[in-house]
Amino acid sequence: MEALTAKAETKNNSVIPLPPKKQKKGLWKKIVRQKYLYLMSIPFVIWAFVFSYLPLWGWTMAFQNYKPAKSFSEQKWVGFDNFIELFHDERFYLVLRNTLAMSCMGLIAGFVFPIFFAIFLNELGGKYFKRSVQTVSYLPHFVSWVVVGGIVSKMLSIDGGIVNDILVSLNIISEPIQFMAKGNWFWGIVTASDVWKETGWNAIIYLAAITGIDKELYEAAKVDGAGRFRQMWNITLPGIRTTISVLLIMSIGHLIGIGFEKQMQLSNSLVTDYSEVLDLYALKYGINIGRFSYGTAISMFTSVIGITLLLTSNGIMKKLTKESIM
């Protein structure tokens, strides 16, 4: 047929060659061409499968009355009984309240402080002074929560605690306050401790993003008469918007799975109703007393809610800012 020929005639009988057909490259050819990249990725794929996906098989325990001495085929299946028991436990809702309260406070403070700390650190003059401040700021990240818990407890102690000594000496209070014995103070203490420990470390990625901003933008802003704060607001913050969006989405995904290390180290019997979180609840009322199925149901609930929050926040952020992590 004439339509299949490689030439076409125009109205003035001139001949115009048709563009060559695009050859589709097969998947196998692409794999062969990038074989070394695929080979390099194999160990990481195996690692992710073994440590991230293979353990999901353990979620089956949430639907069983799991007994360690029995094989998988001998386990008794109970359906959603563990979840029904979980949602009928009043303690669960108290623990969920504590988890959401501390995670939201930690998300706001632990997200805002590193951003502004990185911006102001970038504005510091003197290369060596800036490096010294940055080094000192992220060193607490490498201190374990066992040590941090001891430091915080000692600082807030009524017996020689530096916080109470300062407040008393300034006549702000008349007698020392037992901060660690007041439940309504616990959430703030945990949040402040976490900010002190992680701000410097979390600011590193923002500092790296700031270094990628074109310096000519700052020079042009100076010529137009913009001050340092105006440059930070109109150049620095928009320049790291993508980094902020991605980290915010990932932080929201971990909103309900905040761990239990800091709560365990700073807690005591007087503030249990304010310090117990979901992970600690699963450990105490599940694994520690041999209720493995109940503990697995709690962990499964935490994971499902975390995935839901991640997908929801990613969808909202994609619509508002066109930024996405998937």
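Residues 96-313 are 75% helix and 0% strand, with end C-alpha atoms 20 Å apart. Helices (H or I, at least four residues) and strands (E, at least two) are DSSP runs, numbered from the N terminus. The structure is a predicted model: local features need pLDDT of at least 70, side-chain atom pairs count only at pLDDT 80 or more, and totals for chains, interfaces and linings use all residues. Residues are numbered from 1 along each chain as its sequence is written, and side-chain values use heavy atoms, without hydrogens and water.

The UniProt record (unreviewed entry) annotates residues 96-313 as "domain: ABC transmembrane type-1". The record also lists residues 36-56, 100-121, 238-260 and 292-312 as "transmembrane region". Such annotations may be inferred rather than shown by experiment. Residues 36-56 are 86% helix and 0% strand, and their end C-alpha atoms are 30 Å apart. Residues 292-312 are 100% helix, again with 30 Å between the end C-alpha atoms.

Helix 4 (residues 90-123) packs against helix 14 (residues 278-287) at an angle of about 145°. Their axes are 8 Å apart. Axes are lines fitted to C-alpha atoms, for helices over the stretch in contact; angles run from 0 to 180 degrees between N-to-C directions. Helix 4 contributes Arg91, Phe92, Val95, Leu96 and Thr99 to the contact (heavy atoms within 4.5 Å). Helix 14 contributes Leu278, Tyr281 and Tyr285.

Six salt bridges were found in the whole structure (side-chain nitrogen of Lys or Arg within 4 Å of a carboxyl oxygen of Asp or Glu). Arg91 lies in helix 4 and Asp273 in helix 13 (residues 272-275), so the pair ties together parts 182 residues apart in sequence.
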